[in-house]
Amino acid sequence: RESDHRAWTPVSYTVTRQNATVQGLTEGKAYFFRIAAENIIGMGPFTETTKEIVIKDPITVPDRPEDLEVKEVTKNSVTLTWNPPKYNGGSDITMYVLESRLIGKEKFHRVTKEKMLDRKYTVEGLKEGDTYEYRVSACNIVGQGKPSFCTKPITCKDEIAPPTLDLDFRDKLIVRVGEAFSLTGRYSGKPAPKVTWLKDDVAVKDNDRIKMKTTPTTLSLGIRKSVREDSGKYCVTVENSTGSRKGFCQVNVVDRPSPPVGPVIFDEVHRDHMVVSWKPPLDDGGSEITNYIIEKRDAHRDLWMPVTSATVKTTCKIPKLLEGRDYQIRIYAENLYGISDPLISDEMKAKDRFRVPDAPEQPIIKDVTKDSAVVVWNKPYDGGKPITNYIVEKKETMATRWVKATKDPIFPGTQFKVPDLLEGCEYEFRVSAENEIGVGDPSPPSKPVFARDPIDKTKNSVDLSWQPPRHDGNGKIIGYLVEYQKVGEEEWKKANLAADSCPETKYKVTGLTEGLTYKFRVKAVNAAGESEPSYVPDPVEVKDRLEPPELILDANMAREQHVKAGDTLRLSAVIKGVPFPKVSWKKEDHEVSPKADIEVTGVGSKLEIRNTVHEDGGIYSLTVENPAGSKTVSVKVVVLDKPGPPRNLNVSEVRSDSCYLTWMEPEDDGGSVITNYVVERKDVASAQWVAISSSSKKRSHIAKYLMEGTQYLFRVAAENQYGRGPYVETTKPIKAIDPLHPPGPPKNLHHVDVDKTEVSLVWNRPDRDGGAEITGYLVEYQEDGADEWTKFQTVPMLECVVTGL
C-alpha cells in the first residue's frame, strides 16, 4: 500500500518461491509491503515491512567525466574543457575537481581550491617548457567519483593553431528584394588568419550597400537594400600559415516575376472563344512561376473580367465571347513573392477564321512491291472548312523535285496505292490536304522505301563505287545514271531514273535475283547530257555476304549484375553479323519472364525488367546466330531484397517467467548477409507486439520477464541491409508456467470400517501437488500373496469404499 493510503492492494496470489518482484510502482512514492503464507486450510497472518520504502534508484558516486580536451596552450597556461559523466550516480553533480601532475613526478595535485561547476578551466602561472598531464573527477552528495582518463602530456609553449570557422548562416538563404541581410560568424587561429569574401568566385568589394567587417574574432558581410543581382554563391575564406577553412552560402534574392514575354499570339480565333499563347517571363524573380492570371476585356468597356488564375501552361482558352466584339487579353505571372506587371494583347475580333488544312502527320508506307506502294495517313485539322481533296507526291530519295502521284482527286479515303514505281529505286512520299480556301502544307516525308518485292534484303543487292570523270565537260556534274544487265540478255535496265538521285560516286543496286550474274555500267550527267558509259570489268554473281555474329557487351553485361528489388534490370549488347543474326534471350536455359521487355534493333538488343523481384535473379544468356556461326554470353543477375522468413521457430524450456526460442536462418537471405534478427512477443489479450530483441545475430533467444500464467505468442524476422523480411510466428500460444511434475504420494492411508466384501478407506493430501491442482486419486487393491495390483476406480475426495472383495 502507498504510505498515505490505508487500503492494501494484492500483488500476487501464486508466488511459491520466497521472493517476488513488485512492478508498476511510481518513482518517488513511499510504500509498505506485507506477505502471508497459504496452505490448503487457508491463509496465515501477514508480516509487514517495519518502515516505508521510497521507490528510487540507489545513489552512488558519479561516473568519470567524459571527453577531457585541451583547447589552448600558451607558454604559461593551459585551457581545458570536458563533458559531464554519462551517469551522475543518481544525484546532481555538486562540483568538479581538476588535478595535474608534472611529468616525472608520481603524485597528482589539485589545481583548483575553489568549488568549480563550470566545465572549462584555464590553468595559469605555469613554467614555459614544463610538461604536465591532467585529469578531472566529479563529486555529488555521496562523494568524489573516478577521475577521467588523463590528457596526453602537454608542454607549455606558444602554439600555432589552424584556423577555425563557426558560421551563423546555413547553406542557403532566401531574401526579399529591398531587404537587408548579413552573413556573420566567428573565427580563430594562430597566427591571426586573413579573411576574404568571394561571390561567384569574384572578390566582394565595399560600396554604399555592401559592407565587410572583420574583428580579431568575428567576421561579417552585410548588404542593405538587396537587389536580384545580389543572388549568388558567397564564400568566406579564413587562412593562415597552417591552413584555411571555407564557408559557403547560396543567397537567392527573390522578387515578383517580370511580365510574361509578348506578343500575345492568337493561335485560334472563333466566334465564341479564342486560344492564346505567350512566352514565360525573362526573370522568374528567383522563384518558380506558380501560375498565370489571365483576364479579358471587351474593347468598348473598362472592366477586366477574370478568365483563370490556375493555369501553369503558357497557353489558355478564352471562352464565352460575343461574336463580332473586339477583345483584349491581359496576362500576369505569379510566384510565391508576388504578381508581375501585366502583358496586354492587341485587340482581336471574335469571329470564325477559316484557313487551309493543317499538314497531315508523317504518312506510313505499306504493301510495297517492285512497282507500287500504298501510302496511309491520318486526317489533319481541316482549317474550319471541309477537306475536299488529298494530294499525294513521290520523289526518289536523292532527287530534289516532288512529283504528283496522280492527277485524279483522292477523297474521302486516307490511303492511296501509288503506281508506276521503278524497281530497285528508293522513294519518299508526302501528303497535302485541300479545302475551299486552298492547299495546306505537305506532311513530313515518309521513311524511305525501296520499290521491290518483299524478299531477303541481304541477297538481292550490289554496292558499286567509282571515281568521277577526269573532265566535267565545262558543266557541273548533276549526278550519275546506273544501269545493269543480266548476263546472256540484251537489255540494259535502269537502276535509277534521275541523275540527281545519285549525286555521289557510289550506289546500291537493289531488286536483283540471288544466284544470277549481272554486268553494271555508269554514266555521268551534266546540263549538256549523258557521258559514255564506264563498265564494271567483270560480271558479278549476287549472293549473300556472310559474316559470323559478333557481340560487343555493354557494361551492364559484366559477369555479375546486382540490382536492388523494385529497380529496373537492363542488359544490352551491340550485335554485328551478315546476315543480321537471330537473337534469343534465355534464363537458366528457359524462356525469360513475360514481364521482360526485349527489344532487337539493327545494331543490338536490350532486355529490360521493371520493378524487379527476388525471383528475377538467375543466369541470363544472350545467343546470336546466323549461317556463319553463333555466339553466346551469360551474366549472373542477383536481385537484392529483404530476406525471407526464418524457419522452424520452436519454443522450449517454458518457465513461469521465461522461455527459450530457437529458429533456423531463412531459406532465402535476399542476396545479402543476414545482419540480425528481430524478436517480438505479444500477450494474447493484447493487440500490440513488443520487441524483446532487435540486434541479435544468434538464432536463439531467452525471452525473460514473462508474467506467470499469461499466454504469449512470439514472432521472429530476419534483417539484411535491404530491410526486414516477413515474420514467422508461433502457431499456438505459450502459457508462462513452471513445468508440471506428478504429485507426491497421499499420506496416512488407513481403513475406518471393514465388512465381509468391502473396506472403507481414508487418507490425507500429499505434501506436493507437482505444480498443478490435484484432479483425483486412483485406488488399487491386491490380494495378499498376489503380484498384480487391480485398479478399482479414481475418486475426487480423500475417501473411498472398495466393494466386491
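A nonpolar core is here a set of buried Ala, Val, Leu, Ile, Met, Phe, Trp, Tyr and Cys residues joined through side-chain atoms within 4.5 Å, where buried means under 20% relative accessible area, exposed over 50%, and partly exposed in between, using a 1.4 Å probe and protein chains only. The model is predicted, so local features need pLDDT of at least 70 and side-chain atom pairs count only at pLDDT 80 or more, while totals for chains, interfaces and linings use all residues. Residues are numbered from 1 along each chain as its sequence is written, and side-chain values use heavy atoms, with hydrogens and water left out.

**First stop: the cores**

Select Val392, Phe429 and Val509, which touch the most other members of the largest nonpolar core, a set of 36 residues. Then colour the strands that each supply at least two residues of this core, among them E32 (389-396), E35 (426-435), E39 (479-486) and E42 (517-526); helices (H or I, at least four residues) and strands (E, at least two) are DSSP runs, numbered from the N terminus. In soluble globular proteins, nonpolar side chains tend to be buried together.

A second, separate core has 20 residues, including Ile575, Ile609, Tyr620 and Val633.

**Second stop: salt bridges**

The structure holds 30 salt bridges, each defined as a side-chain nitrogen of Lys or Arg within 4 Å of a carboxyl oxygen of Asp or Glu. Display the side chains of arginine 430 and glutamate 393, which meet in one of them at 2.8 Å, N to O. This pair links distant parts of the chain, with arginine 430 in strand E35 and glutamate 393 in strand E32, 37 residues apart. Both arginine 430 and glutamate 393 are buried.

Move on to glutamate 530 and lysine 523, whose side chains form a salt bridge at 3.5 Å, N to O. Lysine 523 counts as buried because its relative accessibility is 13%.

Glutamate 665 and arginine 699 come next, with their closest N and O atoms 3.3 Å apart in a salt bridge. This pair also links distant parts of the chain: glutamate 665 is in the loop between E56 and strand E57 (676-683), and arginine 699 is in the loop between strand E58 (690-696) and E59, 34 residues away. Glutamate 665 is partly exposed at 31% relative accessibility, and arginine 699 is likewise partly exposed, with a relative accessible area of 44%. To see salt bridges that share partners, select Glu483, Arg521, Lys523 and Glu530, which are joined into one network.

Select residues 647-652, 659-664 and 700-703, which are strands E55, E56 and E59. These three strands form an open antiparallel sheet in the order E55-E56-E59, two strands being paired if DSSP finds at least two bridges between them. Strands E55 and E59 are the edge strands, and each pairs on one side only. From one strand to the next the twist averages 15°, with axes taken as lines fitted to C-alpha atoms, for helices over the stretch in contact, and angles running from 0 to 180 degrees between N-to-C directions. Between E55 and E56 the antiparallel pairing runs over four bridges, and serine 652 stands opposite tyrosine 660 in E56.

Zoom in on glycine 262 and proline 263, where the connecting peptide bond is cis, with omega near 0°; proline 263 belongs to strand E21 (residues 261-269). Another cis peptide bond runs from valine 578 to proline 579, with omega near -10°, and proline 579 lies in the loop between strand E48 (569-578) and strand E49 (582-587).

Lysine 225, although not a glycine, has a positive phi of about 45°, and its place is in the loop between strand E18 (218-223) and strand E19 (232-240). Lysine 225 is exposed, with a relative accessible area of 56%. Aspartate 367 has a positive phi too, near 50°, and is found in the loop between strand E30 (364-366) and strand E31 (373-376). Aspartate 367 counts as exposed at 52% relative accessibility.

**Last stop: the annotated spans**

Finally, select residues 163-252 and 549-634, which an unreviewed UniProt entry lists under "domain: Ig-like"; UniProt positions follow the numbering used here, feature names are shortened, and annotations may be inferred rather than shown by experiment. Residues 163-252 are 0% helix and 64% strand, with end C-alpha atoms 28 Å apart, whereas residues 549-634 are 0% helix and 62% strand, with end C-alpha atoms 16 Å apart.
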